[in-house]
Every structure is written in C-alpha cells, then in structure tokens.
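Visitor: I would like a close look at one single part of this model. Could you take me through its surroundings, with the cut-offs spelled out?

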Amino acid sequence: MDRNKLISVEALTRRFPGLNGGAPVTVFENLWFDVAKGEYVCLIGHSGCGKSTLLNIIAGIDHADGGCVIVDGQEVTGPSLDRAVVFQGHALMPWMSTLGNIAFAVRSRHPRWSRAKVREHCQRFIDMVHLTGAEHKKPAQLSGGMRQRVGIARALAIEPRIMLLDEPFSALDALTRGSLQDEVLSICARTRQTTFMITHDVDEALLLADRVLLMTNGPLARVAEIVVNTLPRDRNRTDLHRHPNFYPLRNHLMDFLVSRSDQLRTRVEGIDPRRPPLVFPRAEDGPGAEPSVVAERSHA
Ligand code: ADP
Ligand code: MG
C-alpha cells in the first residue's frame with residue numbers, strides 16, 4: 001500500500017460474554033482498515049454496532065479478543081499520550097477549572113515544564129477553541145458546548161499524534177455544533193492532525209472527513225464500504241452543498257444508513273474478510289459519479 005499508514009486495524013475482533021451465561025456476543029470480527037498520517041477518517045454506523053468499542057481499543061483502554069491495532073509500527077497494548085480521546089460526554093474533572101483540566105493533561109505530557117510554560121501552552125489552546133475568559137470556570141459553570149471545547153482543547157494541548165473523537169458534537173444544539181465543527185475543521189487544516197472520529201451525522205462526516213468508513217449493524221459488524229470524500233479540501237459548511245459531488249455522496253451515505261446496512265452485512269458475509277472494502281467513488285468514476293450501483297460491483 002502506498003499510503004503512509006499511521007493506524008492499522010488488523011483482523012480486529014471483540015466479543016462480550018452473553019447475558020446469564022449465554023453464548024458470547026461478537027460485536028465485530030475480522031475488522032480491517034487503516035488511517036494515513038494527516039488523514040481525517042470518520043466512522044459511521046448505527047447505534048450499538050460497536051463504534052465506541054472499536055475507538056476504545058484503538059485508544060488502548062479496551063482490549064481486543066483477536067487481531068490487533070498497530071500505530072506507527074507498534075502494537076497498541078495500552079493508553080498513550082500519543083492518542084488523545086474526546087469522549088461523547090465531556091469527561092472533565094468537575095472540581096478543576098478549564099485551565100486546571102487542560103494543565104493536568106499538559107503536565108502529564110511535559111512533567112519538567114515550569115508553571116509558566118504550562119500556563120502559556122494551555123492558554124494557546126484555550127484561545128484556539130475560543131474559551132478565552134473562561135479559564136477559571138469549573139465545568140458546572142460552562143455550557144455543554146463550552147465543556148466540549150475544553151475536552152477538545154485538552155486533547156489538542158497534549159499535541160497527540162492521533163485524535164480519537166467519539167461523537168464529540170452529538171449532544172450539542174445545532175448552532176453550537178456547527179461552530180465547533182468549523183473550529184475543528186480549521187484546526188485540522190492548519191495542523192494536519194491525524195483524526196479518527198465517530199459520528200452518525202452524514203453532513204458532519206462530509207464536512208470533516210477525507211474518507212468515511214461505513215460500518216454495518218452488529219453483531220458481527222463489518223466495515224462494508226469506504227467512501228472517499230471527493231469534495232474539495234477547502235470546503236466549508238456554507239457552500240458544501242453547492243458542490244456537484246455533495247448530493248451523490250450524501251445520498252450514498254444516507255442510503256447506507258437507512259436501508260442497506262443489514263443487506264450489506266449479509267452480502268459481505270462469506271467473502272474473504274481481508275478483501276478490501278468497496279471504495280466509492282473509484283478513481284475511474286471521475287467527479288460526480290453516480291453511486292447507486294456501487295454495492296453490487298465486485299471488487300477486482
Ligand atoms: P456504538 O458505540 O456503536 O453505539 P458500542 O461499541 O458502545 O456501540 O457497543 C457495541 C455493542 O457491544 C452493544 O451491543 C453493547 O451493548 C455491547 N457492549 C459494549 N460494552 C459492553 C460491555 N462492557 N459488556 C457487554 N456488552 C457490551
Ligand atoms: Mg458509542
């Protein structure tokens with residue numbers, strides 16, 4: 001493969017014990033995909049298909065029952081400051097201020113830094129997510145959007161090689177979500193941050209992602225398709241929908257979520273799991289390709 005892989009998920013399997021001693025439930029089995037350095041990858045799938053479980057295994061806070069995650073050539077065996085996680089709930093320490101929460105993470109990354117250096121570093125990221133003035137507020141004194149900003153600033157402040165985001169905007173109202181998406185977009189464009197994000201919002205995925213992984217329903221969930229985002233990289237929320245590729249891509253993702261997730265799972269069963277997922281659009285499809293038959297195409 002010619003892409004510069006930073007994360008490689010290889011034959012990953014996770015099972016949970018069945019209820020009341022019943023048969024174990026296989027959330028996913030034999031999952032394969034990778035994320036290149038500097039790439040923004042979104043994972044879309046229905047609730048309960050195993051997205052958070054997958055993200056937690058990549059983060060090193062859950063374990064696999066088979067297969068492995070390789071980050072930069074090393075197998076993941078536990079959490080690392082190289083991989084920062086933003087959880088769906090903000091997961092801030094409630095007794096600490098905005099500054100305190102961020103500084104705590106920065107000090108664990110740079111234990112030798114002086115107080116002044118930590119303070120200055122934190123301030124840069126507080127300003128970046130537009131929380132200037134809220135440095136000394138506790139999470140309870142902040143709105144949901146502001147708390148989520150603290151979580152994002154905390155993750156960015158440790159300057160991780162990889163950001164792992166688990167539905168970071170889903171609990172927010174539409175206005176706040178939009179402005180945070182814009183910020184993340186501009187931060188990622190500036191820093192070329194490698195990011196793996198879970199979402200169930202198709203528009204969010206098309207705004208932020210370079211590639212969108214489509215996960216089928218569990219149990220035995222699979223990454224059935226990888227959709228390459230062909231919208232120009234300098235896209236923004238206000239003119240995204242005017243691009244001729246926008247609706248073909250959006251319809252394709254919606255169609256997957258609305259009706260095809262189950263069908264695709266049956267279709268891909270029995271196929272060699274190492275077979276690469278279908279990729280849409282293919283290079284030869286060109287811009288604005290008609291996506292409606294992609295799932296039927298056999299993969300050469
Ligand atoms: P998603 O994030 O896609 O909504 P999750 O990864 O949270 O899904 O969960 C996937 C499946 O695994 C669900 O059916 C859930 O009930 C099950 N599951 C998650 N964690 C555990 C656990 N610790 N023990 C048993 N089952 C679990
Ligand atoms: Mg989840």
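Guide: Phenylalanine 196 is buried, at a relative accessible area of 0%; buried means under 20% relative accessible area, exposed over 50% and partly exposed in between, with a 1.4 Å probe and protein chains only. This is a predicted model, where local features need pLDDT of at least 70, side-chain atom pairs count only at pLDDT 80 or more, and totals for chains, interfaces and linings use all residues. Residues are numbered from 1 along each chain as its sequence is written, chains are lettered from A and ligands numbered from 1 in the order in which they are written, and side-chain values use heavy atoms, leaving out hydrogens and water.

The ring of phenylalanine 196 is stacked with that of phenylalanine 33, because the centres are 5.7 Å apart and the planes at 15° (rings of Phe, Tyr and Trp, the last by its six-membered ring, pair if their centres lie within 6.5 Å; planes under 30 degrees apart are stacked, over 60 edge-to-face, the rest tilted). Phenylalanine 33 is in strand E2 (residues 25-36) and phenylalanine 196 in strand E8 (residues 194-199), so the pair ties together parts 163 residues apart in sequence; helices (H or I, at least four residues) and strands (E, at least two) are DSSP runs numbered from the N terminus. Phenylalanine 33 is buried too, at 6% relative accessibility.

Now to the strand itself. Six of the six residues of E8 are buried, so E8 is largely enclosed by the rest of the structure. Thr194, Phe196 and Ile198 point one way from E8, while Thr195, Met197 and Thr199 point the other way. E8 pairs in the parallel sense with strand E3 (residues 40-44) over five bridges; pairing takes at least two DSSP bridges between two strands. Strand E7 (residues 162-166) also runs parallel to E8, joined by five bridges.
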